[in-house]
Amino acid sequence: MASTLAPADAGASPRPAWRFRRPSVLPGFGLSFGYTLACLGLVVLLPLAALVARASGLGFSGIWDVATDPRVASALKLSFGVSLLAALVASVFGFIVAWVLTRYTFPGRKIVDAAVDLPFALPTAVAGIALASLYAPDGLIGAPLDRLGIQVAYTPLGVFVAMTFVGLPFAVRTVQPLIAEIDKEIEEASATLGATRRATLLKVVLPPLIPAVLTGFALAFARGVGEYGSVIFIAGNLPYVSEIAPLLIVIKLSEFDYGGAAAIATIMLGISFLTLLAINLIQAWSRKRFGYV
Amino acid sequence: MSEIFSPVRLTEARPAPVAGEGAGVRALLIGVAITFLALFLVLPLAAVFVQALSHGVSAYLDAFREPDALSAIRLTLTVAAIAVPFNLVFGVAASWAIAKFEFPGKTFLITLIDLPFSVSPVVSGLIYVLLFGSQGLFGGWLQAHNIQILFALPGIVLATIFVTFPFVARELIPLMQEQGSSEEEAALTLGAPGFHAFLTVTLPNIRWGLLYSVLLCNARAMGEFGAVSVVSGHIRGLTNTMPLHVEILYNEYNFVAAFAVASLLAALALVTLVVKSVLEWRFSDELAAGRKH
C-alpha cells in the first residue's frame, strides 16, 4: 500500500528532491546518456587532453619559442593569410552562387545545386592530386596561365586555389537558406516606394544577410587553415614559401619532435577557437539585431 | 457552365514583377556562377577520370591488379566497416539521450560532440600519436605489453572514428527534437516495452535521416586522409588506406595508377552526392539537414 502511494507522496512533498533530468516516461536515459559520455570521453576528450597536457608541459614560453621559429612562423603566416584570402573569394563567389540558385530558375539548377557539395564529398587527397594536375605548368589550366607568366602550382597561389575549393560549400550553404527566406514583399515595397534596384539590394536585401555571410566566411577560413590533403599536392611544400602549418606538424612528428608538433597544433587550435567564438558572437549579434541566426 | 470559368487566363492578369534583376543581369550572374562552379568543382572531378583513363582501359585496370592496391582497398573497407557502425550506434544513443530528455548542460554536450569538426585533420591524428606514440602518455605501457595501436589498424580506426564522430548525432539530434516524444509516449502507455517502442516507432521516423547521415559518415570515413596519414605509418600493403595509396603512387610519378585508385574514391563521392540529393529532394521533411544547411 505504502509503496504504491510513494510517487504521489513524492509529488506532494513541499521540496521535491533535485533531479539531474526532468522526469519522463521514456526509458533508456541512463544507458544512452552513459554510453554517449563514455564514447565522447574516450574518443574525443581523452586524446584532446593528451594534447593539452603536452602543450602545458611546454609552457607558454616553449610554445612561443616554436611559434617564432622562422620556418614555423612563415608556415603559420601562409596558412592564416592565404586562408583569409581564400575565404574572402569563396564568400563573394559563394554569395553569387547562392543567389543564383535560390532566385533564378534555369535548366539544370538542381544538378548545379548538388554539385556545390562536391568538395564535401570528394576525398581531400583526390581533390589534391586533381587540382595539382590541372594547375601544373603543363596542366589544362596551368599551361595557359604559365604562358601569361602566372605560376599557380607549387606557389602560395596554388595553396589559395585549394583552400578556395574546400571553403566554397561553407560559403554557399550558410547564405542559401537565408536568401530563400527573404520576404519578397519587402523588396516590392521598396521598389514601389521608388528605390532603384541597386538601392533596394544594398539597403533592404543585403543587410540581413551579413551575419550569414560572415558565418560562412569564418567556417571557410577555419576549414582552410586546417586543410591538409587537398593543399599539399598543389603547394609543392617549399619551406618558407609554400609550406602550410599542418604539414609542419607532420614533419615534426616524423622527426619525433612531439613537443614541436603539439605546440603548432595548440596555436592552430587556439586560433580555431577564436574563430568559433567569433561565429558565436556574430550569431548572438544577429539574433539581437535581426531576430534570427 | 464550365466554359464560363475555364478560359480565364490568370497569367495575363498578373502584373509584371516590380522587384528583381533585369534579364541581362540575371543571365550574367547565372553565367558567372556556372562558369565558376564548372572551373572550380566539375573540372577537377573530370580530371580524375580523364587522367585515370589517359593510357587506356588496360592500363587503368592494371592499377587494380597490384597487391598493394588491393590491400589498400581491403583496409579502407575494413576501417569503414568498423568506424561507421560505431558512430551509428553512438549517434543514435546520443540523440536519444539529448533529444528525448531534458537535462542541464545539453548545449555544452552538443558542442563537445561537434568538436571534431573544428579540429584540423592533422591535429586529429596528432592527438592519438600523443596518446599512444612511443613518447606518448600510454606509449611505454603499450610497448611493455606489446600492444600495437599506432601504425596499425586500431590507430587508423580510432582516427577515422574521431573525424567522423559528429556526423550521425548532428543529423539525428535536431530531427528527433523536432519530432518530439509523444509517439513513443503513446506506444509506452499502450503497453509496448521500451526497446520495442524504439524499434517500431522511433526508428521508422528517423530512417531517412539515419541513412543520410550514415552515407555522409561513410564517405568521409573512406576518404579521410590527413588524420589517417599521421597515425598509419605508411607501411605498404599493411597500413595504407586508399587515399594514402593514392598519395604514394602520385609521389612516385605513377600518375595513371594514382588517378585510377582516386577514380574509385571519386566514384564513391559521386554516388554519395547523387543519393544524398535524391534523399533531399524526396524526403526533405524527414531530414534535418535538408532544411538547415
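Reader: In which helix is S213(B) found?

Author: S213(B) is found in helix α12 (residues 194-223) of chain B; helices (H or I, at least four residues) and strands (E, at least two) are DSSP runs, numbered from the N terminus. This is a predicted model, in which local features need pLDDT of at least 70 and side-chain atom pairs count only at pLDDT 80 or more, while totals for chains, interfaces and linings use all residues. Residues are numbered from 1 along each chain as its sequence is written, chains are lettered from A and ligands numbered from 1 in the order in which they are written, and side-chain values use heavy atoms, with hydrogens and water left out.

Reader: Is S213(B) buried or exposed?

Author: Buried means under 20% relative accessible area, exposed over 50%, and partly exposed in between (1.4 Å probe, protein chains only). S213(B) counts as buried because its relative accessibility is 2%.

Reader: Which residues does S213(B) touch, and what lies 3.1 Å from a polar atom of its side chain?

Author: Contact means heavy atoms within 4.5 Å. Not counting residues up to four places away in sequence, S213(B) touches F167(B), V168(B) and E171(B). The atom 3.1 Å from a polar atom of the S213(B) side chain is the backbone oxygen of L210(B).

Reader: How is a nonpolar core read, and which residues touch the most other members of the largest one?

Author: A nonpolar core is a set of buried Ala, Val, Leu, Ile, Met, Phe, Trp, Tyr and Cys residues joined through side-chain atoms within 4.5 Å. The largest core here has 175 residues, and Y135(A), I249(A), I113(B) and F165(B) touch the most other members. Helix α3 (residues 70-103) of chain A supplies the largest share of this core, 16 residues. There is also a second, separate core of six residues, which includes A80(B), F167(B), C217(B) and A221(B).

Reader: With which residues is I249(A) in contact?

Author: Leaving aside neighbours within four places in sequence, I249(A) is in contact with A261(A), I264(A), A265(A) and M268(A) of chain A, and with V122(B), V123(B) and L126(B) of chain B.

Reader: How many residues does each chain bring to the contact between them, and what area do chain A and chain B bury?

Author: Chain A brings 86 residues and chain B brings 87 residues. Buried area is the accessible area (1.4 Å probe) that two parts lose on being put together, summed over both. Chain A and chain B bury about 7700 Å² between them, with 81% of it on carbon and sulfur atoms.

Reader: How many residue pairs are in polar contact between chain A and chain B?

Author: A polar contact is a pair of N or O atoms within 3.5 Å; within protein, one must be able to donate a hydrogen and the other to accept it, and residues adjacent in sequence count only if both atoms are side-chain atoms. Between chain A and chain B the count is 11 residue pairs, both residues being at pLDDT 80 or more. On the side of chain A that touches chain B, helix α2 (residues 29-68) of chain A gives the most, with 17 residues.

Reader: Which salt bridge links distant parts of chain A?

Author: The side chains of E243(A) and R71(A) meet at 2.7 Å, N to O. E243(A) is in the loop between α12 (229-235) and α13 of chain A, R71(A) is in helix α3, and the two are 172 residues apart. E243(A) is buried, with a relative accessible area of 3%, whereas R71(A) counts as partly exposed at 26%.

Terms used
Salt bridge = Lys/Arg side-chain N within 4 Å of Asp/Glu carboxyl O.
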